[in-house]
Amino acid sequence: MTTTQTASRSTAGRAGGTARAAVSSVPRRPRRRGQWAAWAFLAPVVIYLVVFYAYPLYRNVELSVRDYTVRSFVMGDAPFVGLDNYVKVLQDPTFGPAFWHTGVFTLVSIAFQFTIGLALAVFFHHNFRLSGTLRALFLVPWLLPLIVSASTWSWMLNSDSGVVNAALEAFGLPGINWLTSPDWALTSVIIANIWIGIPFNLVILYSGLQNIPSELYEAAAIDGANGWQRFWRVTFPLLRPVSAITLLLGLVYTLKVFDIIWIMTRGGPGTASTTFATWSYQLGFASTLPDFSPAAAVGNLLIILALVFGFVYIYTQRKQDIA
Amino acid sequence: MNGRRPWWKTVVGVVLTLIMLFPVYWMINVSLTPTSLMRKSPPDLFPIHATFEGYQAVLDQQLPYLATSLLVGLGTVVLTVAISAPAAYSLAKLRPRGRGALNFVLLIAQMIPGIIMAMGFYAIYLNLGILNTVWGLIIADSTIAVPFGVLIFSAFMAGIPDELMNAAKIDGASTWRTFRSIVLPVSRNSIVTVSLFAFLWAWSDFVFASTLNSGGSMQTITLGIYRYIGNNNQEWNAIMATAVVASIPAAVLLVLAQRYVAAGVTAGAVKD
């Protein structure tokens, strides 16, 4: 990536020289005109980012530092309360569980997605017959609309008529109230989320594997390394950069998972599967008397959390680009 | 790889794929199950009493939702490509000052949780009185795809040889003309990739639809399914039939554009 960019930059410089030589009557204009044209092409996206990203985010911050009610929302005269909403949210009895569940949901999901994704990537790397087709089929869970996956899992995990409990009972095990018991609700949404996230990890790690030169494996094989040693001594160390990227992106994207949890359990029963994302939605949109301001405060806490990992991701990628 | 292709690996691969895709199979199986057998325990593993009641219900009740989703998806594609393609051309080829900062902003933009964007949009739309409009939803949905679009387009356009553009310039083409007549046609593959993902994400969106358009006269299929789940707990064949129909774009995408999908995942490495 970096090399292509540098290469094309130097070509562009040379081409600029040719153009300037050709239009010798206006020696300095092409460059400045180039800047104008460049920004003219960027103008739509810059305006777009300001109006449809920055402004909603600003409104969100504004919501969180004022005390909005349904009435003042329409009138626009909500009083300024500073960080009161944040204090309120931090002291809320839901904060502890939501924080814990967000952490558990994110870390457990990623641990399984990554491990299974890596194992599958290594397996599919063996290029057997049909491997391409099967790998494509593995993408299906990732492409399905989340509401489709979530509702399918809801019915599969149904206490009385679900196929999962039917399977457990067939093996003589007792059925589990997956979605309705406080002990299992979080596990259920994590299982569904792992299923959805495996393809993403598989595809990225697979592409990482393809960049490892096969000579290294041949050399290791000549030295008498077995499959297990080849994985831990060659594949794993060389895959570390790609793994870091995959994990960090996974973190950023898992932190904000909302649809699956909301559709399967609505964060319940009680707060048994509430995360920051569902809590924020719950406060802002799911009650008859919406609490927009605390909802925005929770949302902003979630942004901060996501951005921390986001910056680590960008930092890691920059470092790898330079290396 | 070395000519020796052990068949047992194919067998293992097929078994793993079947396990992975079991929920998809189960969705189809339930969609074909008659209502009377829905609560049967244990459930039938194969659709031996297949019926199309569920799909009949989809035809009767869900067509308007599907039409809205189609409209929203196409609108999002147009908006996303129109905004991200010129920007990417500029970032990749015209090298404006400050492009590093813009790239950084675009990366960050992808990481903002949808639920937070939804709350900001809700506040703005409420005050402007454009809640529950289809085009309001299209704008919100495009925010999922625009940063991704710029990323994919600029990665692709960086690879277009400069000679091609310089030739056009020497022939007297303006920057805009070069973009329209040279860069865009050459970038066809990346336009396909971006369009596919923009459509799929808009089609699948639930967060924006449920916050910004839950009271409108035109609602999306994701809300259609969500309402279905909320309203009746008996007719899961109809719910699953709707889910199957809602999965069609994903299936089409996979069959027609498999290589673009894989390219999209690895290049952008994003999904909401």
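1. A word on angles before we start: under 35 degrees counts as roughly parallel, over 145 as roughly antiparallel, 65 to 115 as roughly perpendicular, and the rest as oblique. Axes are lines fitted to C-alpha atoms, for helices over the stretch in contact, with angles from 0 to 180 degrees between N-to-C directions. The model is predicted: local features need pLDDT of at least 70, side-chain atom pairs count only at pLDDT 80 or more, and totals for chains, interfaces and linings use all residues. Residues are numbered from 1 along each chain as its sequence is written, while chains are lettered from A and ligands numbered from 1 in the order in which they are written.

2. Let's begin with helix α4 (residues 63-94) of chain B and helix α10 (residues 188-204) of chain B, whose axes come within 8 Å and cross at roughly 140°. The two helices α4(B) and α10(B) are therefore oblique to each other. On the α4(B) side they include B:G73 and B:T76, and on the α10(B) side B:F199 and B:W203.

3. Helix α4(B) also packs with helix α7 (residues 134-157) of chain B: the axes come within 6 Å and cross at roughly 35°. This crossing, too, is right-handed. Here the contact residues divide into 20 nonpolar, eight polar and two charged.

4. Do look at helix α13 (residues 236-246) of chain B, where 11 of 11 residues are buried (20 or more other C-beta atoms, placed from the backbone, within 10 Å of a residue's own; exposed means 12 or fewer, and partly exposed lies in between). Among them are B:W236, B:N237 and B:M240. These buried residues pack against α8 (146-156) of chain A, as well as several helices of chain B, including α4 and α12 (221-231).

5. Between the chains, the contact takes 84 residues from chain A and 85 residues from chain B (contact means C-beta atoms, placed from the backbone, within 7 Å). Helix α2 (residues 29-65) of chain A gives the largest share of chain A's side, 19 residues. That side holds 60 nonpolar, 19 polar and five charged residues.

Key: Helices (H or I, at least four residues) and strands (E, at least two) are DSSP runs, numbered from the N terminus. Two residues are in contact if their C-beta atoms, placed from the backbone, lie within 7 Å. Ala, Val, Leu, Ile, Met, Phe, Trp, Tyr, Cys and Pro count as nonpolar, Asp, Glu, Lys and Arg as charged, and the others, Gly among them, as polar. A crossing is left-handed if the near helix is turned anticlockwise from the far one by less than a right angle, and right-handed if clockwise.
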